[in-house]
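Hello,

I am handing this structure over to you. Please look through the sequence and the model before reading my notes.

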Amino acid sequence: MKIACFSTKPYDEQFLSAASEKFEHEFVFLEHRLDASTVVLAEGCDAVCAFVNDTLDASVLQRVSEVGIGLLAMRCAGVNNVDLDAAAKFGVRVVRVPRYSPYAVAEHTIGLILTLNRKIHKAYNRVRENNFSIDGFLGFDLHGRTFGVIGTGAIGRTLAGIVGGFGCRVLMYDPYPNDEAKKLGEYVDLDRLLAESDLVSLQCPLTPDTYHLIDAERLSKMKRGAMLVNTSRGGLVDTSAAIEGLKSGQLGGFALDVYEEESGVFFEDLSQQVMQDDVLSRLMTFPNVLITSHQAFFTREALETIAETTLQSIDAFSRDEELVNEVVATPS
Ligand code: NAI
């Protein structure tokens, strides 16, 4: 099969090429993001491979189907950017990579928390300028703090285990509690988690139900001065409300690896351009905000699994075998 692979960076090409050696499939690597204006580049291919910030709405999926493509392989876990109803309507089957190193995301979450709390990013720069003062770097012990995990899937459970190791008291919220997580902390309702947690971390998918899960009202229910961490999907947090929370001091810190308007910004080198996103610009001015550019997944182990799982799905499709990682629209 010939696969049009959108939004590819050199690292994608490296890992997908290595994994494809075991298969007889050929990738066409495209740097462009997939949207209505670039979908034409998929013509002549048998499958499309896309990523988190590609646009897979009804018009793009219709075009994908019209050029005779029946498979969309998402090289990520979240499929919030795919119109699954439209995919079904136009006969495009969708596969994803449901599991790839939950450690990658959980460990990056810890990295963000420790960096923001202990100001390691600022210390790095200060020491390089021969300034060995520690004024302004005062942090707090994680030990003994209450840590709220929203979403106890693969990543949430991994994170709960790690923060338990730090000596945190772990509170968890998930509409679908699972037995494995019960060993790691206490399930409570969302209001209680927000009221009692010193740190709140989002590890749930973005769906119509979870869009702006953390909005002005929920921020007001958080413990004053608590830290919010989002390494899941930007749309889970109302960024403007978070900015107001930071300005008033209700929110004591905000660490994020994802941002609701990240498409076209994250993953790109815009260092020679004027930033057009005023919300992101404002967010970057706060001393107690730490932003990384959707890199939580970015470990060797995760990229190997993403490449291998993607190729296995493509191979199964080419042989008309069962697609174990297929995602279908849930009936509303
Ligand atoms: P998972 O499917 O194993 O777990 C998700 C959990 O969220 C499930 O237990 C589900 O019941 C729960 N959930 C659903 N609705 C909820 C709600 N309203 N409130 C609280 N919990 C809810 O998924 P996994 O692998 O743990 O990944 C979680 C999310 O992390 C993904 O959906 C994706 O958006 C994000 N992610 C981010 C990455 C990054 O690089 N920053 C990389 C990989 C995943």
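This is a predicted model: local features need pLDDT of at least 70, side-chain atom pairs count only at pLDDT 80 or more; totals for chains, interfaces and linings use all residues.

Residues are numbered from 1 along each chain as its sequence is written, and side-chain values use heavy atoms, with hydrogens and water left out.

Ligand site

The ligand is surrounded by 24 residues, of which A154, I155, D174, T231 and F297 are the closest; a residue is near a molecule if one of its heavy atoms lies within 4 Å of it. This shell has 12 nonpolar, 8 polar and 4 charged residues. In that count, Ala, Val, Leu, Ile, Met, Phe, Trp, Tyr, Cys and Pro are nonpolar, Asp, Glu, Lys and Arg are charged, and the others, Gly among them, are polar.

Polar contacts below are pairs of N or O atoms within 3.5 Å; within protein, one must be able to donate a hydrogen and the other to accept it, and residues adjacent in sequence count only if both atoms are side-chain atoms. A polar backbone atom of A154 is 3.0 Å from an oxygen atom of the ligand. A nitrogen atom of the ligand lies 2.9 Å from a backbone N or O atom of T231. For S232, a polar side-chain atom lies 3.5 Å from a ligand oxygen atom. On its own the ligand has 870 Å² of accessible area, and the protein covers 86% of it (Shrake-Rupley method, 1.4 Å probe; for residues, only the protein chains shown count as cover).

Helices (H or I, at least four residues) and strands (E, at least two) are DSSP runs, numbered from the N terminus. Six strands form an open sheet with mixed pairing, in the order 2-1-3-4-5-13; two strands pair if DSSP finds at least two bridges between them. Strand 2 (26-29) and strand 13 (326-327) are at the edges with a single partner strand each, so one side of each has no neighbour in the sheet. Strand 3 (residues 47-50) pairs with strand 4 in the parallel sense over 4 bridges, and M74 in strand 4 is the bridge partner of A50.

N81 sits in the loop between strand 4 (71-74) and helix 3 (84-89). Its side chain reaches the backbone oxygen of V52 at 2.9 Å. N81 counts as buried because its relative accessibility is 15%, where buried means under 20% relative accessible area, exposed over 50% and partly exposed in between (1.4 Å probe, protein chains only).

Helix 10 and L283

In helix 10 (residues 239-248), the buried residues are T239, A241, A242, I243, G245 and L246. They pack against helix 9 (216-221), strand 11 (251-256), helix 11 and strand 12 (289-291), with contact meaning heavy atoms within 4.5 Å. L283 belongs to helix 11 (residues 278-283) and is buried, at 0% relative accessibility. Leaving out residues up to four places away in sequence, L283 touches T239, I243, L246, F254, L256, V289 and I291.

Positive phi

Most residues other than glycine have a negative phi. H212 is not a glycine, yet has a positive phi of about 50°. D320, also not a glycine, has a positive phi of about 60°. H212 counts as buried at 18% relative accessibility, whereas D320 counts as exposed at 69%.

Regards
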